[in-house]
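Please open the structure in your viewer and keep the sequence at hand.

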Amino acid sequence: MITIYGIKNCDTVKKSLKWFEAKGLEHKFHDFRVDGIDAKTIEGWLGDVGGKILINKRGPSYRNLSDSDKAVLENDGGAAAAILAANPTVIKRPVVDFGATRTVAYNETRWSELAGI
């Protein structure tokens with residue numbers, strides 16, 4: 001089962017959900033704000049893709065973090081995962097989990113490859 005992580009009012013997440021629906025790909029949506037997200041899951045994502053890809057440094061959520069939290073996010077360890085779990089809107093969206101592989105951001109080409117379509 002493909003899981004799409006994000007927040008429901010994000011335009012990129014909405015666009016992603018429409019793409020998966022249009023392709024007839026079975027998926028579920030996990031809303032960070034409603035369903036939460038645990039640090040262990042995020043730590044796995046950091047290990048898979050790294051903080052440079054996973055962390056959205058352009059948004060207001062990142063800008064509102066303390067300087068000490070921003071410094072911790074420069075490392076991809078458990079402390080960074082805890083900060084992201086407490087501030088999930090700092091995570092670049094969507095994170096799409098195909099089981100063995102995860103992608104970050106909108107990427108139709110990569111999704112098509114991973115879904116075998």
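A residue counts as buried when its relative accessible area is under 20%, as exposed when over 50%, and as partly exposed in between (1.4 Å probe, protein chains only). The model is predicted, so local features need pLDDT of at least 70 and side-chain atom pairs count only at pLDDT 80 or more, while totals for chains, interfaces and linings use all residues. Residues are numbered from 1 along each chain as its sequence is written, and side-chain values use heavy atoms, with hydrogens and water left out.

**Ser16**

Select Ser16, which lies in helix α1; helices (H or I, at least four residues) and strands (E, at least two) are DSSP runs, numbered from the N terminus. Ser16 counts as buried because its relative accessibility is 0%. Not counting residues up to four places away in sequence, Ser16 touches Pro94, Tyr106 and Trp111, where contact means heavy atoms within 4.5 Å.

**Helices α3 and α7**

Now display α3 (residues 39-49) together with α7 (residues 78-86). Their axes come within 8 Å and cross at roughly 120 degrees; axes are lines fitted to C-alpha atoms, for helices over the stretch in contact, and angles run from 0 to 180 degrees between N-to-C directions. The angle therefore makes α3 oblique to α7, since angles under 35 degrees count as roughly parallel, over 145 as roughly antiparallel, 65 to 115 as roughly perpendicular and the rest as oblique. On the α3 side, select Ala39, Ile42, Glu43 and Leu46; they meet Gly78, Ala80, Ala81, Ala82, Leu84 and Ala85 in α7.

**The largest nonpolar core**

Which residues of the largest nonpolar core touch the most other members? Among its 31 residues, they are Phe20, Ile42, Trp45, Leu54, Leu73, Leu84 and Ile91. Such a core is a set of buried Ala, Val, Leu, Ile, Met, Phe, Trp, Tyr and Cys residues joined through side-chain atoms within 4.5 Å. Centre the view on Leu73, whose contacts beyond four places in sequence are Ile55, Tyr62, Leu65, Ala80, Ile83, Leu84 and Val90.

**Thr89**

Finish at Thr89, in the loop between α7 and β3. Thr89 is buried, at a relative accessible area of 18%. Apart from neighbours within four places in sequence, Thr89 is in contact with Ile7, Arg33 and Ser61.
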